[in-house]
Amino acid sequence: MNFHDVDAFLFDLGNVLIEVDFQRAIDHWSNFSAPINALQFNKFLQSHHHMAFEKGHMSPAIFFEHFNNEFNRHISQEQFYAGWNKVLVKEFPGIRDLLLQCRAYVKLFCFSNTNTIHHELWRVKFAALLAPFESIFVSHELGLRKPDEDAFKAVIKRIGVAAQRLVFFDDNWENVASADKIGLRAVHVTHIDIVHKILHELVKR
């Protein structure tokens, strides 16, 4: 990658910088009643309710009610929150030091589709990892989420860097395709090694 015309890196968070595993939530909730079907849960993550929650248009309490209704559960709010937060596993090894080194060469930003429950956890749990970032943009505060082009345009405007001078990392192909469409230099992260390789190229040049 040619870094001479790059001013900033924009990172997704989940499965780019930190490991996210929704199966851990399914396993936790299944301890309290019948097992949850993984396919049904993945469908729930694509539902209007989850999208609204990630855009900040729905409170955690209402989202919790929708979850119980969807899966015919009667788990407590505490049990729901405990499972919901288990999806945030750990930062990927070595990524923190690389980000600290990259900060000397480009500006670092983060843009995550997330919600108030997860945000409250990861901004504390991963504070050291996120320290090098100049700004962190979250869907529930923007009222917009990836892959909507308006979401990317809002983030680009706040960053103040031309789209073609931004390298964007995301594990979701739909997000990558949308970012590429509006001019971002989008990288599809199918494995953490892809991120490591590009960051190493930047600091070793």
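How many of the 6 residues of strand E4 are buried? The legends below answer this and describe further close-up views of the structure, which is a predicted model.

View 1. Strand E4 spans residues 107-112. Of its 6 residues, 5 are buried, so the strand is largely enclosed by the rest of the structure. A residue counts as buried when its relative accessible area is under 20%.

**View 2. The strands paired with E4.** Strand E1, residues 8-11, is joined to E4 by 4 bridges, and the two strands run parallel. Within this pairing, Ala8 stands opposite Lys107 of E4. Strand E5, residues 135-138, is also joined to E4 by 4 bridges, and these strands run parallel. Here the bridge partner of Phe109 is Ser135, which belongs to E5.

**View 3. Glu54 in helix H3.** Helix H3 covers residues 48-54 and contains Glu54. The relative accessibility of Glu54 is 6%, and because buried means under 20%, Glu54 counts as buried. When neighbours within four places in sequence are left aside, Glu54 is in contact with Asn113, Thr114, Ser139, His140 and Arg145.

**View 4. Asn68 in helix H4.** Asn68 is found in helix H4, which comprises residues 60-70. With a relative accessibility of 10%, Asn68 counts as buried. The side chain of Asn68 reaches the backbone oxygen of Ile75 at a distance of 3.2 Å. Ile75 is also listed, together with Arg73 and His74, among the contacts of Asn68 once neighbours within four places in sequence are set aside.

**View 5. The largest nonpolar core.** This core has 52 residues. Those with the most contacts inside it are Phe9, Phe11, Leu17, Phe41, Phe169 and Leu199. Helix H12, residues 192-204, supplies the largest share of this core, namely 6 residues. Apart from this core lies another one, of 18 residues, which includes Leu142, Ala163, Leu166 and Leu184.

**View 6. The contacts of Phe169.** Phe169 is one of the residues with the most contacts inside the largest nonpolar core. Residues up to four places away in sequence are not counted in this view. On that basis, Phe169 touches Phe9, Leu10, Phe11, Asp12 and Val16, and also Val187, Val189, Val195, Ile198 and Leu199.

Definitions and conventions:
Residues are numbered from 1 along each chain as its sequence is written. This is a predicted model: local features need pLDDT of at least 70, side-chain atom pairs count only at pLDDT 80 or more; totals for chains, interfaces and linings use all residues. Side-chain values use heavy atoms; hydrogens and water are left out. Buried means under 20% relative accessible area, exposed over 50%, partly exposed in between (1.4 Å probe, protein chains only). A polar contact is a pair of N or O atoms within 3.5 Å; within protein, one must be able to donate a hydrogen and the other to accept it, and residues adjacent in sequence count only if both atoms are side-chain atoms. Contact means heavy atoms within 4.5 Å. Two strands pair if DSSP finds at least two bridges between them. A nonpolar core is a set of buried Ala, Val, Leu, Ile, Met, Phe, Trp, Tyr and Cys residues joined through side-chain atoms within 4.5 Å.
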